[in-house]
Amino acid sequence: MKRWTPRVTVATVVERAGRYLLVEEDRGGPFTLFNQPAGHLEPNETLLEAAEREVREESAWRVGITDYLGLYVHRAADGLTFHSHSFVGMALAHLGNALDPNIRAIHWLTFDEIEDLDHAGRLRSPLVLRRVRDARLGRVFPMDVIHER
């Protein structure tokens, strides 16, 4: 029997002056989708390293991770299950590096604008809005709840 393996991902909610950092992605559909900077955990990488790397690669921002939002489990329509470790980060500096090829643009959006994107079916997953809501409500954990290495 083949062992079931969920996909391990990271995502980071970054807020600055009442706006949230989202990336606009070309996923090959009829329109682009919006997501927090997010991606897969790579071999020999900690969750924190992965979260910082994904923000840098997808948005050209350097962030300081401040809190752990928690583990969000998402079962996608294609049958895959994702274990998304989610964080809160503080924008520290814009780096100016090239963005990942599937990222069309970055946006700093208000909560209302993110809700509008959700109503229009333009969020990559239901977790995008859920993570922002949880961060806004202060549903966070200290980073020392994660034990790595």
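A: Arg-136 lies over the face of Phe-111, at 4.0 Å from the ring centre. A charge is taken to sit over a ring if NZ of Lys or CZ of Arg is within 6 Å of the ring centre and within 35 degrees of the ring normal. The model is a predicted one, in which local features need pLDDT of at least 70 and side-chain atom pairs count only at pLDDT 80 or more, while totals for chains, interfaces and linings use all residues. Residues are numbered from 1 along each chain as its sequence is written, and side-chain values use heavy atoms, with hydrogens and water left out.

The charged end of Arg-16 sits over the ring of Trp-108, 4.3 Å from its centre. Arg-16 also has a bridge partner in E2, namely Arg-19. Helices (H or I, at least four residues) and strands (E, at least two) are DSSP runs numbered from the N terminus, and two strands pair if DSSP finds at least two bridges between them.

Strand E2 comprises residues 19-25 and is mostly covered, with six of its seven residues buried. Here buried means under 20% relative accessible area, exposed over 50%, and partly exposed in between, for a 1.4 Å probe and protein chains only. Strand E1 (residues 7-16) pairs with E2 in the antiparallel sense over two bridges. Two residues separate the strands in this hairpin, and Ala-17 takes a positive phi near 55 degrees there.

Six bridges connect E2 with strand E7 (residues 103-109), where Leu-109 is the bridge partner of Tyr-20. Three bridges connect E2 with strand E3 (residues 33-35), again in the antiparallel sense; in E3, Leu-33 is the bridge partner of Glu-25.

Rings of Phe, Tyr and Trp (its six-membered ring) pair if their centres lie within 6.5 Å; planes under 30 degrees apart count as stacked, over 60 as edge-to-face and the rest as tilted. By this rule there are two aromatic pairs. One of them joins Trp-61 and Trp-108 edge-to-face, at 5.5 Å centre to centre and with 85 degrees between the planes. Trp-61 belongs to strand E5 (residues 61-75) and Trp-108 to strand E7, so the pair ties together parts that are 47 residues apart in sequence. Both Trp-61 and Trp-108 are buried.

Eight bridges join E1 to strand E6, and the two run parallel; Ala-11 stands opposite Ser-86 in E6. Three bridges join E1 to strand E4 in the antiparallel sense, and in E4 the bridge partner of Val-10 is Gly-39. Val-8 is also found in E1, and it counts as partly exposed because its relative accessibility is 31%. The C-alpha atoms of Val-8 and Ala-105 are separated by 25 Å and stand 97 residues apart along the chain.

At least two lining residues of the largest pocket come from each of E1, E4 (38-40), helix H1 (47-59), E6 (81-94) and helix H3 (127-136). The volume of this largest pocket is about 450 Å³. Of its 21 lining residues, the closest to the centre are Thr-9, Asn-35, His-40, Phe-82 and Arg-124. On a 1 Å grid over the protein atoms alone, a pocket is an open set of points where a 1.4 Å probe fits, with protein on both sides within 12 Å along at least five of seven lines; lining residues have an atom within 4 Å of a point. Grid points are joined across faces, edges and corners, and a volume is the space filled by probe spheres set on the points.

Most residues other than glycine have a negative phi. Asn-44, in the loop between E4 and H1, has a positive phi near 60 degrees, and it counts as exposed because its relative accessibility is 76%. Ala-60, in the loop between H1 and E5, has a positive phi near 65 degrees, but this residue is buried, with a relative accessible area of 2%.
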